[in-house]
Amino acid sequence: MNKSGWHKTVMAVMLVSVLVLICGCGIFSGVAAGETDAYEEENANLVVVGFSQIGSESVWRTTNTLSVQKALTKENGYFLIFNNARQKQENQIKALRSFISQRVDYIVFSPVTENGWDTVLEEAREAGIPVILMDRMVNVEDASLYTTWIGSDVEEEGRKAGRWLEQYLRITNRQKEDINIIVLQGTLGSSSQRGRSSGFVEIANQYTNWHILDQRSGEFTTAKGKEIMEQMLDRYADIDVVVSQNDDMTFGAIEAIEESGRSVGRNGDILILSFDAVKDALLLVEEGKIAVDVECNPEQGMYLAEVIGMLERGEKVEKAYVVEEKVFTKENVSKYIESRTY
Ligand code: GZL
């Protein structure tokens, strides 16, 4: 090969080498690398939160999800990874394991039922990832498996419903009358169902003339609530009270009762005691179809952001944060309806 030919070859090799060098050290892909670096830089300081939500079974649940998404935004310094478990514990466990493998900064979840979480929570602890429970509670041997819990005192919610009924029966001089009660339970084994059931029963057990004829799970949904209420109406001719553990089931129950030819309300055949206090239910309280609605506050996102902020600053947090809640009846509901956003 003559000199010039060799020279050209050397130049070509050098050119290729320079190109490889540029691409290799990322100068060309530097445009991409620049974007990647900028992306990583922009997100480097975000607090990464893995959020496993139970599902979207009720207005309450979708509102709860929205409250978290509104609080944990990128503008507020968060990178939120959201998973909808569609009511299945195995999907929540898979999601938690995925969050662990992604080495998120925090895991937040609302456990669909109380039991079966010890192993995956131990895995999170071994990975050094704090777990924040929101809404529902877990039943674990070792409470150090979660950092804190934000939610409602559901047992007190159950007592509030019972206390309203005892007061109403006293005012209407029916405290000696036999009172036949049906309970539409939420998701069986969930802390909400267990708490509302035990709280109401604590009051009911004080009255030998209160008879809980039957209780079945409507799974916190309108469709299932209606189906179970239809079965109860077929089975029991004389129902005085329905305790429905969330408004979505209540909507279905009222449909079933009215389709059966019976009526609801203080002057009707059946008194309805409900939980959650979503806007459409408050309108039925005002109309007189729901006798009492015990609030369960789904707006927990701001509490969550507060707690994560404290943890980020190395501050001590409480083991539990209980949100404020009211009781709505015809006497007080009207002034709250306008401001209800869900
Ligand atoms: C209450 C929450 C319940 C609501 C339902 O703490 O877990 O689940 O009452 C929701 O509406 O589905």
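Me: What gives the most to the lining of the largest pocket?
Reply: A pocket here is an open set of points on a 1 Å grid over the protein atoms alone, where a 1.4 Å probe fits and protein lies on both sides within 12 Å along at least five of seven lines; lining residues have an atom within 4 Å of a point. Helices (DSSP runs of H or I, at least four residues) and strands (E, at least two) are numbered from the N terminus. The helices α3 (59-71), α6 (154-171) and α7 (191-204) each supply at least two lining residues. With 6 residues, the one that gives the most is α7.

Me: What kind of model is this?
Reply: Residues are numbered from 1 along each chain as its sequence is written, and side-chain values use heavy atoms, with hydrogens and water left out. Local features need pLDDT of at least 70, side-chain atom pairs count only at pLDDT 80 or more, totals for chains, interfaces and linings use all residues, and the model itself is predicted.

Me: What is the volume of the largest pocket?
Reply: The lining has 24 residues, and the closest to the pocket centre are Asp135, Ser152, Val154, Ser191 and Ser192. Grid points are joined across faces, edges and corners, and a volume is the space filled by probe spheres set on the points. For the largest pocket this comes to about 300 Å³.

Me: How many charged residues does the lining of the largest pocket have?
Reply: At least three lining residues come from each of domain 2 (46-152 + 299-324) and domain 3 (154-296), with bounds from an automatic or database domain assignment. For the classes, Ala, Val, Leu, Ile, Met, Phe, Trp, Tyr, Cys and Pro count as nonpolar, Asp, Glu, Lys and Arg as charged, and the others, Gly among them, as polar. The lining has 7 nonpolar and 7 polar residues, and its charged residues number 10.

Me: What share of the protein's residues is buried?
Reply: The protein has 12 helices and 12 strands. Buried means under 20% relative accessible area, exposed over 50%, and partly exposed in between, with a 1.4 Å probe and protein chains only. Of the 342 residues, the buried share is 50%.

Me: Is threonine 250 buried or exposed?
Reply: Threonine 250 sits in helix α9. Contact means heavy atoms within 4.5 Å. Beyond its neighbours within four places in sequence, threonine 250 is in contact with Ser244, Ile272, Ser274 and Ile290. Because its relative accessibility is 0%, threonine 250 counts as buried.

Me: What is the relative accessible area of threonine 222?
Reply: Threonine 222 belongs to helix α8. Outside four places in sequence, it is in contact with Asp248, Met249, Phe251 and Gly252. Its C-alpha is 9.9 Å from that of isoleucine 254, 32 residues away in sequence. Threonine 222 counts as partly exposed because its relative accessible area is 29%.

Me: How far apart are the C-alpha atoms of aspartate 178 and asparagine 209?
Reply: Aspartate 178 is found in the loop between α6 and β6. Setting aside neighbours within four places in sequence, aspartate 178 is in contact with Asn209, His211 and Asp240. Aspartate 178 and asparagine 209 are 31 residues apart along the chain, yet their C-alpha atoms are separated by 4.7 Å.

Me: Is asparagine 173 buried or exposed?
Reply: Asparagine 173 is placed in the loop between α6 and β6. Its phi is positive, about 55°, although it is not a glycine. Because its relative accessibility is 66%, asparagine 173 counts as exposed.
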